[in-house]
Amino acid sequence: MLSVYAVGASPTDPMSALEIGERPEPARREGWTTVEVKAASLNHHDIWALKGIGLPASRLPMILGSDGAGLDESGRRVIIHPVIDDGSTRSVLSERFNGTFASFVSVPTGNLIELPNTISFEEAACLPTAWLTAYRMLFERAKIGSDDLVLVQGASGGLSTALIMLAKASGARVWVTGTSAEARRFAADIGAEATFEVNARLPQHVDVVMDSVGAATWNHSLKCLRAGGTMVVPGATTGYEATINIALVFAKQLTIVGSSMGSLEQLADLTEFCSVNQIRPPVAATYSLGKADRGFLDMIDGRIRGKVVFTASS
């Protein structure tokens, strides 16, 4: 079957570790089922794998992709929850088991939820990682209310896009920072009330900060919070080490919480939320599997606004 897979690792030239070609179809496995993949979306996780992060040489070759939607063995439209938990080890598709960048993928039967007809396969493929992470950050970890003012650090990526659109749909006000005027315009187009340059002084303090940027914005995030505010951290794209003024934390009684992915139940809730509120995840570019390398280059070069999706069509 046609697949997009990692054959090596290169921290400086990740594309050299990428191959597109034929791989064996999934073998039958007790308690698992095979999904015909109709659409799958690209994440930074896939780029990291090509750089050797989280994917040791002993597991190569590995079909990439954690997000996907398609048809199960009965022909039912489904979304795949990518977290595989066998009781002893927790991972996502493409770390220990082949991922969704293929014509077919094998997953535990319990990892599937039904996809309503109101959401396309391409839109659904955007939900399981970036959008699910955003959903959990907003509604479980921060518990945002309809009158909250939320600051999203970093505009235009898949996670920030989801944070803006989901928070806006819940009734919250959303402010966004971005490194470029183009990124800030994109954030405004999808629902941000106001946008600012990175680390700019804001007109007022905010209730909640969503910071996936890390070292470059950490102190700014703490300074922007009102007393008693909450900062949610799902990652750190600019680095994991930051020097902070600890006095800000205890003097303002701030809450800092980590967040990662979300549960199967939350993916079902997110899907329903998007369907009811007619939210359509922006797809920046769509490529067939055979041209998936173009999508990887788009992400590496930072050219995308929204998600990159791969489809089974030729």
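Predicted model: local features only at pLDDT ≥ 70, side-chain atom pairs only at ≥ 80, totals over all residues.
Residues are numbered from 1 along each chain as its sequence is written, and side-chain values use heavy atoms, with hydrogens and water left out.

The domain assignment divides the protein into domain 1 (2–127 + 281–311) and domain 2 (130–258), the bounds being taken from an automatic or database assignment. A distance of 28 Å separates the C-alpha centres of domain 1 and domain 2. Contact (heavy atoms within 4.5 Å) involves eleven residues of domain 1 and twelve residues of domain 2.

The size of an interface is often expressed as the accessible area lost when the parts come together. Here buried area is the accessible area (1.4 Å probe) that two parts lose on being put together, summed over both. By this definition domain 1 and domain 2 bury about 890 Å² between them, with 62% of that area on carbon and sulfur atoms. On the side of domain 1, the residues losing the most area to domain 2 are L127, P282 and R305, which together account for 57% of what that side buries.

A salt bridge was assigned where a side-chain nitrogen of Lys or Arg lies within 4 Å of a carboxyl oxygen of Asp or Glu. One salt bridge was found across the interface of domain 1 and domain 2. The side chains of R305 and E182 form a salt bridge with an N to O distance of 3.6 Å.

Over the whole structure, nine salt bridges were found. Among them is the pair E36 and K38, whose side chains meet at 3.2 Å, N to O. Under the accessibility classes used (buried, under 20% relative accessible area; exposed, over 50%; partly exposed, in between; 1.4 Å probe, protein chains only), E36 is partly exposed at 30%, and K38 is likewise partly exposed at 28%. A further salt bridge joins R96 to D86, with the closest N and O atoms 3.3 Å apart.

C274 takes part in no disulfide, the nearest cysteine sulfur, that of C126, being 9.8 Å away. C274 is buried, with a relative accessible area of 1%. C224 is also buried, its relative accessible area being 7%.

Technical notes. Disulfide = S-S within 2.5 Å.
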